[in-house]
Amino acid sequence: MMSGKHFKAQEVSCCIKYFIFGFNIIFWFLGVAFLGIGLWAWSEKGVLSNISSITDLGGFDPVWLFLVVGGVMFILGFAGCIGALRENSFLLKFFSVFLGIIFFLELTAGVLAFVFKDWIKDQLNFFINNNIRAYRDDIDLQNLIDFTQEYWECCGAFGADDWNLNIYFNCTDSNPSREKCGVPFSCCTKDPAEDVINTQCGYDIRAKADSEQRTFIYIKGCVPQFEKWLQDNLTVVAGIFIGIALLQIFGICLAQNLFVHLRPPKSPKARRMYQNDVSGRCTVEYRAVKGQVTRTKNLETCKTAETGFTTHSEVLGVNSKSSSVTVFTLQDGFIRSAVAEEMHLLAVNARRSVAAKVVSRQTLTLTGTGAGPLEAAGKDVPGVVKSIDAKLAAVGVVAEKVKTQCKGCPSLFEHWQAEQKQLEPAGLSKALAPRSFLALIQSIRKASKDEILKVMKSASKTSLPQVVDAVTSSQTPASLDAMLEFLNFTDSKGLVLQERFLYACGFASHPNERMLRALLDISKGKIGSTDIKESVVIIMGALIHKLCLKGECNLPTVVQVKKMILDGPDSTQAESEVQMYLLALKNSLLPEAIPIFTKYAESEVGAYCTIALSALQRYDVKLMTNEVKLTVNRVYHQNRRIYEKNVRAAAADVILNSNPSYIEVKNLLLSIGNLPHEMNKYMLSKIQDILRFQLPASKVLRQAMKDMNSHNYNRFAKVGSSSAYSGFMAQSADVTSTYSLDILYSGSGILRRSNMNIYGASKGAMLHGLQVAIEAQGLESLIAATPDEGEEDLESFAGMSALLFDVQLRPVTFFKGYSDLMSKMFSMSGEPMNVVKGLILLTDHSEVIQLQSGLKASAEFQGGLAIDISGGMEISLWYRESKTSVNNRGALVVTGNVTVDMDFMRAGVEVSFETEASLDFITTVQFSEYPFLVCIQMDKTTFPFSEYMTKYESLSSGKNVMSRKSKKQLVPGTEFPLHQENSNMCKRIFDSSW
């Protein structure tokens, strides 16, 4: 059915319409009356003021009959009369289906009652006896029983002795009631001469002989009397039921008849087939409607040669939607016109307002059927077209490569000289840095190896690391060759440039086998720095993960590297090398690595345990087997050996994030109170955070906490300074950003573990944007404190590790060993140590859109991030105070450009947004008393946010049109809220400082 056309509905019969309306409005009013009577009865009995009393009645409350029947009649009447009056297809369909269900239930009940007569008889006996017990409990039930016994001249279910079931009428010696051994007055035989009912006629009657009872009360039970009445009036009862059934069938038929008249005519059946055209081999659907044929091409099914690349992360990637519809109008066997419209929409997932749309419309109209012009001669098609009409241009329908012509464009070296100043370290926190970075990448992708080397050799020492970021992120054969020739991995002095190259490889948007092969060759050669050797292996793990996501897990180099890192942990005894391979496996997220992590989770080396457990937490919950869960639970509950607190905390995180069972959660709750002081407080805070933030484990946690053994004051009133907290950083229609802060201290007040995470979620996809973890151990000797259980022999150590955009980076060590600790203590400058600094290509999407008109559109979206993450740890023995800090600085620019570039015209649109932000996380601890004071601060400064859009068109005639729009705003800074206890501690610390 074409847009803008209306089907012509069949004529609706007014007789049917208003008959259904009148028929149902009566039922509607009757339903309202029944509901009103029922609610009034409940109001009189006080049920509405005390709803819980509904369940207190042991027998049947007749009010339910009014409410249920009234409710059904109200719903049916409403749907029928409104559906008919407003010609509403949904309400009419609901009316007929609901009525049909009732009819079917009635029919089923009748058949079952006939087949299972004895069972029905037993149920009726049970029902009556149950209501006999509750005879005095409800006045409506009492009146119903009295009416039944009077009408059918019966007493009890099968006889008067059934009233022994009632506490007021039974004949037991313990019954003090005046009605003992009696029956209700409705069991008494009626004397026509008496006008006034004798309500005491049944007193003591069952104490007499049976022969005497017959004189005063009915002897027969109500069940036999009901059977006799049914047999005597079978014709009348059957007639009533058949009449009701026919009425229901008649109502269903009328409603269906009216529904059919209202339903639009069925659309013609569509035909699908495959067609080959300039878009490739595509699924095409044809649909014909009254002289029109609509062809819909499913562009997502088109199979064609690869025309670009994209970022694999859904959160950072680009979403595209396409449609192609052609309408042919037929008349007298000719195609009178053909109108085609094709649309391609591309948008950045993280901010969908950064989007571009390409719309191509074509119209072909039959102007006549006479003889056409004579053939025109020429050397080529464009020349012939020009000879016919100078205003026309020839466009081939065969796909041709986009020819981007740039007269007077600067060379790569000239471009670098213009952008060099923006890429100096001092300007990396400004939006100009990533914007220049993206522009430089575009130039590098068009340059040769020699041109790239010329720029790198001419760059200053301070700007060269940023050039390395740009060249590596370009991901072209020439750029990779230039980097491998420029860097000398045997030289330990080139650590900064080498690591920037490796990190840029890890963040690569579309890595290939050649890049992985280059890193593998580097790892096999001589490397001057141990840190670089570790980084090479760790980053190879990240490349394995990205290549496997692309379906390239079976490439020869990938298979070779997979074997190397899977066998790595067991191939060496050096602790640093085992950690290196474990971190590489953590980056790879290979399912085959899960048994390895499970094994090392129970290692005697705490660092192995922490890496293994944090790696398991990154896997899909579906891969968490029972063996993995049993191992993690053994670690947390220390079933085999004593573990460090940070290891047990990591195990608890895995348990709570892996769809824990009821018994796992209950055991975890029962452990609280038996843990070291700060561990108790940490676990309590973790559980409260899960409940407050409604994380997946919250449901089973609430269920387990209903058990008072698990949830009581003794467990949930533990003191301490450790904490866990989650919150929202930003929420929008496109992306939701959350953060979590976990702080674990030793019993002496020294930081044990600080873990900050930032996540981004968009349309169900999740991105682990940032994780900064600071760990410390063996520092109790500084303040003459006693180490916690299991941590007596730990070597003094403090370090920091970072995970950035799902890529684990090489950890940084602040100090290791007591002598190193003391030297750092006396030489400590207070300045944070850099963890990662540089430029990252976050979003990288490039494709060529082949339009069926013959034109081609080139679409490119890129996102660049300038980032500086640093962290530090200070300890003051004099003031008995420690401070840890994580400082994050960054600038983000995302650009999108869609261009149609042909010989005779050029048109396009460019969209972008940019922002600069700063996020600081500072923890201050005063451990001069217990519980020690802890203040956690997480601040975001005021930052600018700008959006730009530029449209441009230029024709071969020289006419140019350009329009620009921009929007700028300042987003106010904020201090992220944490729990009230933290706010109180911060006030005490800083008040005492001043």
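Me: What makes the crossing of helix H18 past helix H19 left-handed?
Reply: In this predicted model, H18 passes H19 in a left-handed crossing, a term applied if the near helix is turned anticlockwise from the far one by less than a right angle, with right-handed kept for clockwise. Local features need pLDDT of at least 70 and side-chain atom pairs pLDDT 80 or more, whereas totals for chains, interfaces and linings use all residues. Residues are numbered from 1 along each chain as its sequence is written, and side-chain values use heavy atoms, leaving out hydrogens and water.

Me: At what angle do H18 and H19 pack, and why is the pair called oblique?
Reply: H18 (residues 556-567) and H19 (residues 575-588) pack at about 130°, and their axes lie 8 Å apart. H18 is therefore oblique to H19, since under 35 degrees counts as roughly parallel, over 145 as roughly antiparallel, 65 to 115 as roughly perpendicular, and the rest as oblique. The axes are lines fitted to C-alpha atoms, for helices over the stretch in contact, and angles run from 0 to 180 degrees between N-to-C directions.

Me: Which residues of H18 and H19 meet, and how do they divide by class?
Reply: Met564, Ile565 and Leu566 in H18 are in contact with Tyr581, Ala584, Leu585 and Ser588 in H19, contact meaning heavy atoms within 4.5 Å. By class, this contact has 6 nonpolar residues, 1 polar residue and no charged one. Ala, Val, Leu, Ile, Met, Phe, Trp, Tyr, Cys and Pro count as nonpolar, Asp, Glu, Lys and Arg as charged, and the others, Gly among them, as polar.

Me: Why are H19 and helix H21 called roughly parallel?
Reply: H19 and H21 (residues 606-616) pack at about 5°, with axes 10 Å apart. The two helices are therefore roughly parallel to each other. Glu575, Val578, Gln579, Leu582, Leu583 and Lys586 in H19 meet Ala607, Tyr608, Ile611, Ser614 and Ala615 in H21. This contact of H19 with H21 holds 7 nonpolar, 2 polar and 2 charged residues.

Me: How do you know that strand S2 pairs with strand S3?
Reply: S2 (residues 280-289) and S3 (residues 292-303) run antiparallel and are joined by 8 bridges, and two strands pair if DSSP finds at least two bridges between them. Arg287 stands opposite Thr294 in S3. S2 and S3 form a hairpin with 2 residues between them, and Lys290 in the turn has a positive phi of about 45°.

Me: Which residues does the UniProt annotation "transmembrane region" cover, and how much of residues 21-43 is helix?
Reply: According to the unreviewed UniProt entry, the annotation covers residues 21-43, 63-85 and 97-116. Residues 21-43 are 100% helix and 0% strand, with end C-alpha atoms 32 Å apart.

Note on methods:
Helices (H or I, at least four residues) and strands (E, at least two) are DSSP runs, numbered from the N terminus. UniProt positions are given in the numbering used here, feature names are shortened, and annotations may be inferred rather than shown by experiment.
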